[in-house]
Amino acid sequence: MAAGITRVSSCYYHHLILKNKNGLSASVAVSTSFKKMVTNAASATITASSSTNHGEYRSIAERVSLEKEIKKSKFIAIAAPISDEESAFSFLSEVRDPRATHNCWAFKVGQHSRCNDDGEPSGTAGKPIQSAILSSHIDRVMVVVIRYFGGIKLGTGGLVRAYGGVTSECLRNAPTCLVKSKVPMAVEVPFDLLGLVQHQLQHFHVEDIKQDYETGKDGFAMISFKVDFDQVEKLENAVKANCSRQLVFYKQ
């Protein structure tokens, strides 16, 4: 038996669904672009909270592959981090080899998982790959196992052990990372406090900062951003402590 490991790319992040914590009474102050951001987030079919522990989960940090020969058949397992079903099928299209005998796969995103035997006897390929993923406790990951038939039939049990085994070994050798879910937020800010608020946001390393001056309120801008789920309260408190006026935050 021969085995080899190869590594390539990086982790994906998942964003939570938004709603205005202050209810309808505050909605008039929300900018058009922020309303669109809320609508887009609400349309997501898979949320981090469905499978994570308080907004965090473990995934693989980069693409990894493992090659193994079993009774003259060559098996190549390729694992990659994914963000949703669409990215899973995009990855499958990228790595599948039409010249191979079989391109079997499985993926997991939160509570949602799928698998496919791609012509192998039912339950002997996709399911073992899926079981290996579930046993690894790794989320938002896809594994594609490519088989080149070597002339010796493995039998039902042999196939299950081969597909499950190469998947388990591939994931076991993959570097993992703890991914913190990002919470989309926004805050109404008077023009004279923009610099101070921006400074606080940079201190908390927020992402995707956007400013919108079409808030419907003279002298106010809406700043939207994404922050680690466990930094939300700390950020709010820091901004409020450094501002002379009460600011309105919108978040999950």
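## Strand β10 and D208

In this predicted model, D208 is located in strand β10, which spans residues 207–212; strands are DSSP runs of E with at least two residues, helices are runs of H or I with at least four, and both are numbered from the N terminus. Although D208 is not a glycine, its phi is positive, at about 55°. The relative accessible area of D208 is 39%, which makes this residue partly exposed (buried is under 20%, exposed over 50% and partly exposed in between, with a 1.4 Å probe and protein chains only).

## The β3–β4 loop and K72

K72 is another non-glycine residue with a positive phi, here about 70°. The loop that holds K72 runs between β3 (64–70) and β4 (73–81). K72 counts as exposed, because its relative accessibility is 57%.

## Packing of α3 and α4

Helix α3 (residues 126–136) and helix α4 (residues 155–172) have axes that come within 8 Å and cross at roughly 35°. Axes are lines fitted to C-alpha atoms, for helices over the stretch in contact, with angles from 0 to 180 degrees between N-to-C directions. The crossing of α3 and α4 is right-handed, that is, the near helix is turned clockwise from the far one by less than a right angle.

From α3, residues P128, I129, A132, I133 and S136 meet V160, Y163, G164, T167, S168 and L171 of α4 (contact means heavy atoms within 4.5 Å).

## Basis of the values

Residues are numbered from 1 along each chain as its sequence is written, and side-chain values use heavy atoms, without hydrogens and water. Because the model is predicted, local features need pLDDT of at least 70 and side-chain atom pairs count only at pLDDT 80 or more, while totals for chains, interfaces and linings use all residues.
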